[in-house]
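Hello! Let's walk through this structure together, one question at a time.

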Amino acid sequence: MMMKTFTSKFPLFLIIALSMFSLTTQAQDKTKRIGNKPRTGTSNTSFAVNRGHQIGIKMNAGRKNVQLLSLDFGVENSKQEPIDIKVNVYQFKKEQPTENLAKGPILTKIPAGKSRMNIDLAKYDIQAKGDILVAIEFLDTKPGNNPIFSIGLFNGGTYRYQGTEWKKMPVAGVDFNVMVKKL
């Protein structure tokens, strides 16, 4: 009488699958989103486009260094022409923004119409930890051109720079958020 030996490949498949899941989970854990939630609802606010004025929010980048990968926010530009902006990333100390962590100018445009802006920051190698303020600065004055930004209520507020000082608008915060990578 001859006996057949049966070997199952299922345990080997299970081990390989679990190993791959573990590796992808570790890779995913290296990036996270900080700031406010992306929103597309009816809550929004507008800001006048004046050269040098800035709007932004305070974010916690964590206790260890991270690299900023992208800035994301919802905005509607009702005019036919784009709005020139500059992205600034400030270290935040004693409730005030201090040095700009961006080593060079990060320039882009808010296009006409409703859009979800996603600005690539990875190529600028901006590293941060602790509290930061991520802001956009208007590069030109355009009277009557007030872009509308998606906001959330009771999420830390929005910081505005007009003239010579930063002021916090409590209650409503623009939906700026940043994808970061742990270093």
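Q: Is Glu-81 buried, partly exposed or exposed?
A: Buried means under 20% relative accessible area, exposed over 50%, and partly exposed in between, with a 1.4 Å probe and protein chains only. Glu-81 has a relative accessible area of 43%. Glu-81 is therefore partly exposed.

Q: What kind of model are we looking at, and how are its residues numbered?
A: This is a predicted model, in which local features need pLDDT of at least 70 and side-chain atom pairs count only at pLDDT 80 or more, while totals for chains, interfaces and linings use all residues. Side-chain values use heavy atoms, with hydrogens and water left out, and residues are numbered from 1 along each chain as its sequence is written.

Q: Which residue meets the side chain of Glu-81 in a salt bridge?
A: A salt bridge is a side-chain nitrogen of Lys or Arg within 4 Å of a carboxyl oxygen of Asp or Glu. Here the distance is 3.1 Å, N to O, and the partner is Lys-142.

Q: How many residues apart are Glu-81 and Lys-142?
A: Helices (H or I, at least four residues) and strands (E, at least two) are DSSP runs, numbered from the N terminus. Glu-81 sits in the loop between strand 4 (66–77) and strand 5 (83–93), and Lys-142 in the loop between strand 10 and strand 11 (148–153). The pair links distant parts of the chain, and the separation is 61 residues.

Q: Is Lys-142 buried or exposed?
A: The relative accessibility of Lys-142 is 15%. Lys-142 therefore counts as buried.

Q: Which residue forms a salt bridge with Lys-109?
A: Lys-109 is partly exposed, with a relative accessible area of 46%. The closest N and O atoms of its salt bridge are 2.4 Å apart, and the partner is Asp-84.

Q: Why does the salt bridge of Arg-116 and Asp-175 tie together parts of the chain, and how far apart are they in sequence?
A: The side chains of Arg-116 and Asp-175 meet at 2.9 Å, N to O. Arg-116 lies in strand 8 (residues 113–120) and Asp-175 in the loop between strand 14 and strand 15 (177–182), so the pair ties together parts that are 59 residues apart in sequence.

Q: How many salt bridges does a search of the whole structure find?
A: Among the linked residues are Lys-58, Glu-95 and Asp-131, which form a network of salt bridges. The search of the whole structure gives six.

Q: Which side chain joins Glu-137 in a polar contact of 2.9 Å?
A: Glu-137 lies in strand 10 (residues 131–138). Glu-137 is buried yet has no salt bridge, and the nearest side chain of opposite charge (Lys and Arg count as positive, Asp and Glu as negative, with His and the chain ends not counted) is Lys-86, 4.3 Å away. A polar contact is a pair of N or O atoms within 3.5 Å; within protein, one must be able to donate a hydrogen and the other to accept it, and residues adjacent in sequence count only if both atoms are side-chain atoms. The polar contact of Glu-137 is with Asn-88.

Q: How many helices and strands are in the protein chain?
A: Buried residues make up 37% of the 183 residues in the protein chain. The chain has one helix and 15 strands.
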